[in-house]
Amino acid sequence: MIPWTLLVCSVTMFHDAVSFVPFNKRSQQYTPDSLQYTPTQIDCIDMRSTPGDYYYESEEKYEVCGFYIIADPDSLVEIEITEINVNCDENNALALVDGWELQGEYFPSPFDHKRPLEERYQSFCGNSKPHKKYISSQNVALIQFLIPFPGQNFKVNVRFIPNPRPCNVVATMEFGILTLKNFGERTNCSISIIYPEKIYLVDVDVGVSSEQPSVKPTSGLSVQCSANGKSDYVELLYGDGLDTDIMGRKIAFCGLRARAAKRGIPMGCQHSVVRLVSSGSFYNSITFSFQAMTPDEIYTSTDIC
Ligand SMILES: *[C@@H]1O[C@H](CO)[C@@H](O)[C@H](O)[C@H]1NC(C)=O
């Protein structure tokens, strides 16, 4: 059981680490074999946003631990288990998870992931290192483990590899500007921000542009997106859990708008999400900027989390 505050706290902590990212990336260009890395020891609950070698040694606690890994939005997480010493019995566990899990909820939601939930878990035990490297489907991955016995441990090498078509993304920042696209595919994609946020629409083109040049579409956003057989829309979701499928919906819209909004849409819970639903008939794109809500704004927010 990991409280949100702990995660959010870790996220805030890793902001300090963000400035070190370019350095780490550069150092990745050297062949790892030629350099002697000292692996970073991780805690039972940990979160990291930099590639490198990480190591966990049993703290003799009987509790499920989680190592939350987050890369830049346009990267995937590659994990190689380089050392493993975890007994194969029901009291021990080490699993790589495709996405994040928190209190039984997942990001990306099982509804929006191409792989079924069972396939998103890969368990490992014993003491021979697996041959295959593991690659996540989005910029977040989780290593879940229960290693209560002294002397048991594991070591992983974490790399970030470019993802030219990011779909589901956890944002690494409390403020910024991001674009979500479907590349003409039938897919549902979400950007997750683990803060109460104000969302400002910058550019919206959803349920409008297809490949064939058609009549010039009329500009404007609409909340009636299922009308006229259209099924593409953007929704803004808020809540305190990870699963976008059970979050509250602030607003849903489709249409065309190239003018940046002056007023932000407030989302007063711990988790704010922009989700793009695409039928595959359109080339959808939404660009938005986001900014943390002030404590006063959160206090006066009427969103029920
Ligand atoms: C996308 O989401 C919509 C509504 O939530 C759903 O009806 C549709 O089947 C989903 N599409 C895919 C490809 O999962």
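**View 1. Leu-76 and its bridge partner in strand β12 of the predicted model.** Leu-76 is bridged to Ile-161, which belongs to β12. The strands shown are β5, covering residues 75–85, and β12, covering residues 153–162. They are antiparallel and are paired over 10 bridges. Strands of a sheet pair through backbone hydrogen bonds, in either a parallel or an antiparallel sense.

**View 2. The open sheet of 5 strands.** The strands follow the order β1-β3-β12-β5-β10, and their pairing is mixed. The edges are formed by β1 (40–41) and β10 (134–135). Each of these has a single partner strand, so one side of each has no neighbour in the sheet.

**View 3. Strand β19 beside β16.** Strand β16 (residues 197–206) runs antiparallel to β19 (residues 248–257), and 3 bridges join them. Opposite Val-206 stands Gly-255 of β19.

**View 4. Strand β19 with β17 and with β18.** Strand β17, residues 220–222, pairs with β19 over 3 bridges in the antiparallel sense. Here Ser-222 faces Cys-254 of β19 as its opposite residue. Strand β18, residues 233–239, is also antiparallel to β19 and is joined to it by 5 bridges. Tyr-238 has Gly-248 in β19 as its bridge partner.

**View 5. The residues around the ligand.** Arg-186, Thr-187, Asn-188 and Val-277 are the residues around the ligand. Sorted by class, this shell holds 1 nonpolar, 2 polar and 1 charged residues.

Technical notes: Residues numbered from 1 in each chain as written. Predicted model: local features only at pLDDT ≥ 70, side-chain atom pairs only at ≥ 80, totals over all residues. Near = placed C-beta within 6 Å. Nonpolar A, V, L, I, M, F, W, Y, C, P; charged D, E, K, R; others polar. Pairing = 2+ DSSP bridges. Helix = DSSP H or I, 4+ residues; strand = E, 2+ residues; numbered from the N terminus.
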